[in-house]
Structure formats: C-alpha cells, structure tokens
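Here are my notes on the ligand site. Have the structure open while you read.

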Amino acid sequence: MRLDKFVCKSTALTRNEATRAINAGELSVNGSVILDAATQVHENNSVRLNGLMLKARDFRYILLHKPAATICSNVDEVYPSVFNHIDVENPSELHVAGRLDADTTGLVLVTDDGRWSFDIIRPTRRCEKVYRVGLTYPIAEDVALRFKQGIQLQGETQLTLPASLEVISPREVLLTITEGRFHQVKRMFAAVGNRVLSLHRERIGQISLDVAVGQWRYLSADEIGSFE
Ligand code: URA
C-alpha cells in the first residue's frame, strides 16, 4: 500500500498530516528517508516515524441501519449518536461516510479509513445514493424531467446533477442522486413545491441495506472494494 495510507493506518494522523510528515522527512522505510507519499510499502517493511516503528492496524468498514431520532456525529447532542448502536472498540475513531439528518433512516456506512470515505462522498466520484421518499402531496408529472435536467436549489449557483425518479405510488418515490449537498433531497422536493414526510436511504453505490433497524454488520471485502 502507499506510504501515506500506511501512516494513516498505523497512527492517528489524517492523510494531510501524514503527507506533511512525509514531506518533512520524518518517515523512513527500511532505514532510508522517503519523501514520496506514493511509495509502495509492505506489511513486513520497517516503517518508522521520527525513529518510532509503525505497525499498520486494520481499518474497519461497517454498515448500519440508522434509526430515526439519531444523529451521525460521534457524540450525543439533542438526539443520541448512531454510534450507540455499534458495539466496537474505540468507536470515537470511526466516522460516518455521508451523514443523514436526524429524522432520516436507513443505510449509513461507518469507517476509520478517511481515504475510503472521501472516495464515497467526493462529488466527482458520482456515487449513487438511493432514497425512498414519502411525500406530503402527490408527485407532479413534470418532476422526473425537472430532476433529470437539474434543479436550482435556493442559495446555490450550480444546478443539481441529473437525478432519476421512480414513482412507486402518488406519494412514494425512489430518488437516485449522485451528490450529497446539505439536506439535498428535502430541498429538491421543496424546489418543486412538494414536501418530504419521510426519508430512508436504501443503497449507496452497490451496497444495499440488509439489516434490521438499529443493527449493524461489517462489510465484505467485495463491498469495501466496490468504490475503487
Ligand atoms: N437529503 C436530505 O435532505 N436529508 C438526508 O438525510 C439525506 C439526503
């Protein structure tokens, strides 16, 4: 794996901090100072940070079915944190890749691998997120086309990227979007004169929700690799 990834896996450093340490000449591999963050290192190499031997730990990749009235931050606030549902060691090292609002339910991906989560949420990755949406008013006929063409959200300059809408019933739809702007789904429906009553995320990329509400499981190697 790359040296910067190895440093992230073996210390509490973020990727930027790891790069900075590498650029500052603080990393050595098998006795030689390495200044290139992309240098490949192996588990059995002797990697040292300021002389201190590093040992890579395994990252964790988790799927959680988020209940309503929970928040995606690490600490309880007005609502309890989703991390109360995940009984693993050192939960404070984990973060959510693509947060949901407190009242939104469904699929949440949790990890301590910052590079992996960045790959999921960075807008240029165009990772599909599928939401089941309950609406206050029957869906208007032109909404699918308007979402496909892009919507002007209040306070934003860029149209939303093309989104696809599947109508299940007049007040229930499946919406697939490939970005993750603030309150995006609720704002998209507000922009077309409707209102979201319930919001549930069913899928991120190729990973679908398959555990009961409040339950979690580790992702398989295939699922972890599916964002590459
Ligand atoms: N869009 C929203 O408006 N809320 C969410 O929780 C997720 C997407």
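1. First, a term: a polar contact is a pair of N or O atoms within 3.5 Å. For Lys186, a backbone N or O atom lies 3.1 Å from an oxygen atom of the ligand. The side chain of Thr104 has an N or O atom 2.8 Å from a ligand oxygen, and that of Asp101 has one 2.7 Å from a ligand nitrogen.

2. A quick word on the source: this is a predicted model, where local features need pLDDT of at least 70, side-chain atom pairs count only at pLDDT 80 or more, and totals for chains, interfaces and linings use all residues. Residues are numbered from 1 along each chain as its sequence is written, and side-chain values use heavy atoms, with hydrogens and water left out.

3. Besides Asp101, Thr104 and Lys186, look for Leu100, Tyr131, His183, Gln184, Val185 and Leu199.

4. Where does the ligand lie relative to domain 2 and domain 3? Domain 2 (61-120 + 214-222) and domain 3 (128-204) both give residues to the shell, so the ligand lies between them. These bounds come from an automatic or database domain assignment.

Notes. A residue is near a molecule or strand if one of its heavy atoms lies within 4 Å of it. A polar contact is a pair of N or O atoms within 3.5 Å; within protein, one must be able to donate a hydrogen and the other to accept it, and residues adjacent in sequence count only if both atoms are side-chain atoms.
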